[in-house]
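Biologist: Could you take one part of this model and look at it closely for me? I would like a connected tour that starts from the contact between the chains and follows what it leads to.

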Amino acid sequence: MSTDGHDYLRIEGLAKTYPGSVEPVFDSVNFGMQRGEFVVIIGHSGCGKTTILNVLAGLEQASEGYVFMDGREVSGPSLERGVVFQGHALMPWLSVRKNIAFAVRSKWPDWSATQVNAQVERYVEMVGLGGAIDKKPSQLSGGMKQRVGIARAFAIQPKMLLLDEPFGALDALTRGSIQDELLKICAETRQTVFMITHDVDEAILLADRILLMSNGPQARVAEIVRNTMPRSRQRATLHHDPQYYRIRNHLVDFLVARSKDLSHGRAPAQPAEVSPGLTEPESAPVQPVHLRRIA
Amino acid sequence: MTGLRSPALRSAALSLMILALVLLVWHLATLGGAAPVAPKAAMTAEEIEYAKLLGKDVSGGGADAAKSGFPTLAQMGQAIATQLASPFYDNGPNDKGVGLQLAYSLARVGLGFAIAAVVAIPLGFLIGMSPLVYRALDPFIQVLKPISPLAWMPLALYTIKDSNISGIFVIFICSVWPMLLNTAFGVAGVRREWLNVARTLEVKPLRRAFEVILPAAAPTILTGMRISMGIAWLVIVAAEMLVGGTGIGYFVWNEWNNLSLPNVIFAILMIGLVGMLLDLMFARLQKAVTYVD
């Protein structure tokens, strides 16, 4: 499915070598994305996830390989791809309203002030920050700032959304509630999303497919896990689904045991797609893996 | 004593006490008057003439003796009252009110400073955004920066041939460096993530400069402007002493030639007061553009 040639986003043979190092951080990265799909990439620090996202955003150049979106090559930043940055990246001298208006006016420079304001208010309302719209970022909590970052990215109605570990700096409770919101908004807007995370549960909650990256150097997308759980997921009931632990164990197994052995280009260039949620558990019942975040 | 519990009131009370102490010391120091001149009767005609040449008053007795020395508080108060009564009078080139002289100085500083800002801020932007330009201009800046602005004066007078414009030039040259360096520093330090936001939103260069880089660097730029203004106000007094004609610096020099120490002291106070007000103004501006991250 990922190689049928009709992918909305297509990454081919992507590699990045930083000046001064012999071995590339990652190479032969190949994968595709469908329109409306939520894809999460997961892997250890230093495997180049953020670099891949920046290449997709057009903020960084790859050493080799191509990115195609909607049949055209991605060669620089574009309003077609909204980015939610790791550290929210709000401009501290502007209020929430003006921060988002800055983005809206960039997309539609001909809009009147009323039109811009209507768009801004709609998206601020969407992330539940209507009451804080005229506050400065410094007056907001970390979770609220990240919500504003999300609203800003959605407000320009991009064809694709790139999220660089958007909830990494948030506490677990805040993270959970924003995850729920993101899930709801994505379901409403049928947004195509590419997201980086370190959090296995976040990946299972949000993603349609999970890209597993082997360790660097010469990291690759080693395997693609299809999330076969029904799309109407909820954080509260997620772990009652029998598929949940099968998928989760598969992911944790990869990150803990296999990703190391697949560094230095030992991972396949064309990743296989697996559906661990559908395979019947082997003789012994699956032991829940001890909850941990992979850092 | 309840009112004195507030720290602001207590510090104000202490300030007043220090002021009172300084005034008391002044009063006591000038009480005895200057070196008492020997009675007129005991002097020969040549000695009286010599004493007059030295600026000593020989006409009266001991009561008038204080007049020739450092001014007493009463004389000082009188000088202040006379000056403040008509600060803008103009009785020809060597006799203008202190307000008028301050206005001349402020106009020079304002003009020199404005030209410096117009040059330094865009150039600082350029330097801050391009490491290449920064490296290319750095040796020039490093050599030019430590030069005392007054050292430029002969060159300015020779090439410009106008003492007034030379004064403005000296203000320009001393204001330009802090603004240039701070602007470059502020612009170079604009966070990568804000620039990346602008890039992903395809923001045009001019809009990026005015809506992202300028507000982000504004606190640093304003700090540079504040330092520049402080230096400019220091330098204007010296420059006007050199070029003469008008201005508070010339006023000080002129009153020294008149041996009017009360007026000199009054001018010194005014220089300090105006300098403080200028600094306060920039502090306000700085506060207005500072953001909490």
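Modeller: Happy to! A cut-off first: two residues count as being in contact if their C-beta atoms, placed from the backbone, lie within 7 Å. Please keep in mind that this is a predicted model.

With that cut-off, chain A puts 16 residues into the contact and chain B puts in 14 residues. On the side of chain A that touches chain B, the biggest giver is helix α2 (residues 96–107) of chain A, with three residues. Sorted by class, that side of chain A has 12 nonpolar residues, four polar ones and no charged residues.

Two packed helices are described by the angle between their axes and the distance between the axes. For α2(A) and helix α4 (residues 142–155) of chain A, the axes come within 8 Å and cross at roughly 25°. Angles under 35 degrees count as roughly parallel, which makes α2(A) roughly parallel to α4(A). The crossing of these two helices, α2(A) and α4(A), is right-handed. On the α2(A) side the contact is made by V96(A), N99(A), I100(A), A103(A) and V104(A), and α4(A) answers with V148(A), A151(A), R152(A) and A155(A). By class, the contact of α2(A) with α4(A) has seven nonpolar residues, one polar and one charged.

From the helices we can move on to the sheets of chain A. One is an open sheet of seven strands with mixed pairing, in the order β6-β7-β8-β3-β9-β10-β11. Its edges are β6 (81–84) and β11 (272–274) of chain A, each of which pairs on one side only. From one strand to the next, the twist averages 20°. At the β11(A) end, strand β10 (residues 221–226) of chain A pairs with β11(A) in the parallel sense over three bridges. Within that pair, E223(A) stands opposite A272(A) in β11(A). Packed on the sheet is helix α7 (residues 242–261) of chain A, which touches β3 (38–42), β9 (209–213) and β10 of chain A; the direction of α7(A) makes about 170° with that of β10(A).

Chain A also has an open sheet of four strands, in the order β2-β1-β4-β5, and here the pairing is antiparallel. The edge strands are β2 (26–33) and β5 (72–73) of chain A, each pairing on one side only. Strand β1 (residues 9–16) of chain A is joined to β2(A) by five bridges, and the two run antiparallel.

Now let us cross over to the partner. Chain B has 11 helices and zero strands. The radius of gyration of chain B is 26 Å, well over the 19 Å that the globule rule gives for 293 residues, so chain B is more spread out than a compact globule. Along the principal axes, the C-alpha atoms of chain B fill a box of roughly 95 × 65 × 35 Å.

The axes of helix α3 (residues 73–85) of chain B and helix α11 (residues 261–289) of chain B come within 9 Å and cross at roughly 65°. That makes α3(B) roughly perpendicular to α11(B). The crossing of α3(B) and α11(B) is right-handed. From α3(B), the contact uses Q75(B), M76(B), A79(B), I80(B) and Q83(B), while α11(B) brings P262(B), N263(B), I265(B) and F266(B). The classes in the contact of α3(B) with α11(B) are six nonpolar, three polar and no charged residues.

Note on methods. Residues numbered from 1 in each chain as written. Chains lettered and ligands numbered in written order. Predicted model: local features only at pLDDT ≥ 70, side-chain atom pairs only at ≥ 80, totals over all residues. Axes fitted to C-alpha atoms, helices over the stretch in contact; angles between N-to-C directions. Parallel < 35°, antiparallel > 145°, perpendicular 65-115°, else oblique. Left-handed = near helix turned anticlockwise from the far one by under 90°. Nonpolar A, V, L, I, M, F, W, Y, C, P; charged D, E, K, R; others polar. Pairing = 2+ DSSP bridges. Rg over C-alpha atoms; globule rule 2.2 N^0.38 Å.
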